[in-house]
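Dear colleague,

Please find below the structure that I am handing over to you, together with its sequence. My notes on what was found in it follow directly after.

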Amino acid sequence: DFTLEYFTMIEQDAVDYAKTRIDFFQEDAVLTCKEIGDGNLNYVFKVVDEKNNKSIIIKQAGPVARISDEFKLSTDRNRIESEILGLQHKLAPGYVPEVYQYDPIMNCCAMEDLSNHEIMRTALLKHEKFPLFPDHISTFLVNTLLLTSDVVVEHKEKKALVKQFINPELCEITEDLVYTEPFYDCPRNEIFEGSMEFVKETIWNDKKLVLESAKLKFEFMNHAQSLLHGDLHTGSIFIKEDSTKVIDPEFAFYGPAGYDIGNLIANLIFAYANGKFTIEDEETRDDYLNYLVTTIKDVVNLFTDKFNKAWDEKATEQVAGYDGFKEYYLDTILRDTAAVAGLELLRRVIGLAKVKDLTTIEDREARIRAEKICLAAGKTFILNRESIKTGADFIHVIQSAE
Ligand code: ADP
Ligand code: MG
Ligand code: MG
Ligand code: MG
C-alpha cells in the first residue's frame, strides 16, 4: 500500500505505483520498469508502456546515500526537488523536465522521461559538441538566479521562498565536502597516490588559501541571494543538439548566485583536462579543446550580457537603479563564480566524490598532470577571484595552469 507508510521501492513496486497512483498511462498499457539511477542518493525508475509508446520517470529519495551510509539524509529533499523543478519550469520554460506529481508519503516524484537526451558529462567524454549549450544554460542561469533574488522578487515573498527551500542536510554535505574536507588531511578524502605530495605542498600547507576557504564557507552559509540548483555539474544536465535540460536540483537552497555558475565552469574544465590527456590525435585534440574554451568563455560572457538585460527589464527593487549598483552586484557574482570554480576543481581531486573525467584517465603520469592543472587553476581561481570577471579571464587561469 503506497498511501500508508514510506518504503523503498523495487522495480515491480514502481510498475504498481505507476498503474495505481499516477494518472498517466492508458487503460490497456503494458508496463515494464528498469531502475536506471546512477547517482548516489536516489532510485530512478523508468516505467515504459511499449504498446502505446509512453514512458515516465519516478525518482524516489532513499533513506541513506548509496556512496556511504555516513550520510543519512532527510527524504524531504524529494519535496525540494519537485517544488524547485515546478518553479524553474515557470522561470526558465523548456530547461527542466516537467514534474507530473509529488508524493510526500513515498518521497517520490513522477516526471518527464528525457531518455532522448544524454547526460552531458558522458557526451563530453565522447567528445561531442553542443554549440547551443552556452545560449541555453546562460538563460537558465539568469532566469533562475536573478529572478529569484531580492532584485526582482518582492522581499516578503522572497523570504517565504528562503523558508520553503531550507535544506540543512544537503547543505551540510556541501559545507563538508566542498568547503572543509579538501583543505586538511581529512580521513574521508580520497587522493590519487601520485597527486598526494602536490596536494600537501600546494593546498594544505598554503595558510592563505586555507583562510580563504574559511571565508568562502561562511559566505556560502550566510548569503541567501538566489535560489540555487546547488549541484549543477555536467552530470546534472541532460543534453542533445537542440535542447538542454537541467535535472537533479535536490541540493537547492538560497545561497550565493555564483555557486551554480562556478560549479558548472569547473566541470567544463574537467572535460578539458580529460580531453587534453586522452585525445591522441593532435588536430582532433586541439579542435575539441578549442570547442571547450569557446564554451566556457561564452557561458561567462552570455551570462553577463543576459544578466544586464534582465536587470534593466525586470528589476523591481528601488535601489537597483542607483548608478553603479548593477555593476557592483554583477561583479560580486562573478567573483563568487571564480571562487566556486576553484573550490569545485580542488574538491573533486581531493575529496571523496570523484568525476569520471579525471578517474578514467588511465595513464598514471597523464592523470597526475591533469590533476595538477585542476589544483593549480583551482587555487588561482580562489586567490585571485576579485580580478576574474570575463570569459577571457577564466580561460587565462586555465591556460596559465597548464
Ligand atoms: P541522483 O540525485 O541520484 O544523482 P539523478 O536525478 O541525477 O539522481 O538521476 C540519476 C540518473 O537517472 C541520471 O543520470 C539519468 O541517467 C537518469 N534520469 C534522471 N532523471 C531522468 C529523466 N527525467 N529522464 C530520463 N532519465 C533520467
Ligand atoms: Mg545526479
Ligand atoms: Mg547522476
Ligand atoms: Mg542528486
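**Helix packing: α9 and α13**

Helix α9 (residues 258–278) packs against helix α13 (residues 364–383) at an angle of about 150°, and their axes are 10 Å apart. Because angles over 145 degrees count as roughly antiparallel, α9 and α13 are roughly antiparallel to each other. Their crossing is right-handed. On the α9 side the contact involves Ile269, Ala273, Lys276 and Phe277, which meet Ala366, Arg369, Ala370, Ile373, Cys374 and Ala377 of α13. By class, the residues of this contact between α9 and α13 comprise 8 nonpolar, no polar and 2 charged. Please bear in mind throughout that this is a predicted model.

**The chain as a whole**

The protein chain contains 14 helices and 10 strands. Its C-alpha trace spans about 60 × 55 × 40 Å along the principal axes. For 402 residues, a compact globule would have a radius of gyration near 21 Å; the protein chain has 21 Å, and the two therefore agree.

**Two further helix pairs, both involving α10**

Helix α10 (residues 282–314) takes part in a contact with helix α4 (residues 133–145); the two axes come within 8 Å and cross at roughly 40°. That angle makes α4 oblique to α10. The crossing of α4 with α10 is right-handed. From α4, the contact draws on Phe133, Pro134, Asp135, Ile137, Ser138, Thr139, Leu141 and Val142, while α10 supplies Thr295, Asp298, Val299, Leu302, Phe303, Lys306, Phe307 and Ala310. Sorted by class, the residues of the contact of α4 with α10 are 10 nonpolar, 3 polar and 3 charged.

Helix α10 also meets helix α14 (residues 391–401), with axes that come within 7 Å and cross at roughly 140°. The pair α10 and α14 is accordingly oblique, and its crossing is right-handed. Here Val293, Ile296, Lys297, Asp298, Val300 and Asn301 of α10 meet Gly391, Ala392, Phe394 and Ile395 of α14. The contact of α10 with α14 has 6 nonpolar, 2 polar and 2 charged residues. Asp298 of α10 is listed in the contact with α4 and also in the contact with α14.

**The five-stranded sheet**

One open sheet is formed by 5 strands in the order β1-β2-β3-β5-β4, with antiparallel pairing. Strands β1 (31–35) and β4 (99–103) stand at its edges; each has a single partner strand, so one side of each is left without a neighbour in the sheet. From one strand to the next, the twist averages 20°.

Within this sheet, strand β2 (residues 42–49) pairs with strand β3 (residues 54–61) in the antiparallel sense over 8 bridges. One bridge links aspartate 49 with lysine 54, its partner in β3.

Two helices pack on the sheet. Helix α1 (residues 11–21) touches β1, β2, β3 and β4, and its direction makes about 130° with that of β1. Helix α2 (residues 77–91) touches β3, β4 and β5 (108–111), and its direction makes about 155° with that of β4.

**The three-stranded sheet**

Another open sheet consists of 3 strands in the order β6-β8-β9, and its pairing is antiparallel. The edges are taken by β6 (118–119) and β9, each with a single partner strand, so that one side of each is left without a neighbour in the sheet.

Strands β8 (residues 237–240) and β9 (residues 243–246) run antiparallel and are joined by 4 bridges. A hairpin of 2 residues connects β8 to β9. Which residue in β9 is the bridge partner of isoleucine 239? The partner is threonine 244. Lysine 240 has serine 243 as its bridge partner in β9.

With kind regards

Note on methods. Residues numbered from 1 in each chain as written. Chains lettered and ligands numbered in written order. Predicted model: local features only at pLDDT ≥ 70, side-chain atom pairs only at ≥ 80, totals over all residues. Pairing = 2+ DSSP bridges. Axes fitted to C-alpha atoms, helices over the stretch in contact; angles between N-to-C directions. Contact = placed C-beta atoms within 7 Å. Parallel < 35°, antiparallel > 145°, perpendicular 65-115°, else oblique. Left-handed = near helix turned anticlockwise from the far one by under 90°. Nonpolar A, V, L, I, M, F, W, Y, C, P; charged D, E, K, R; others polar. Rg over C-alpha atoms; globule rule 2.2 N^0.38 Å.
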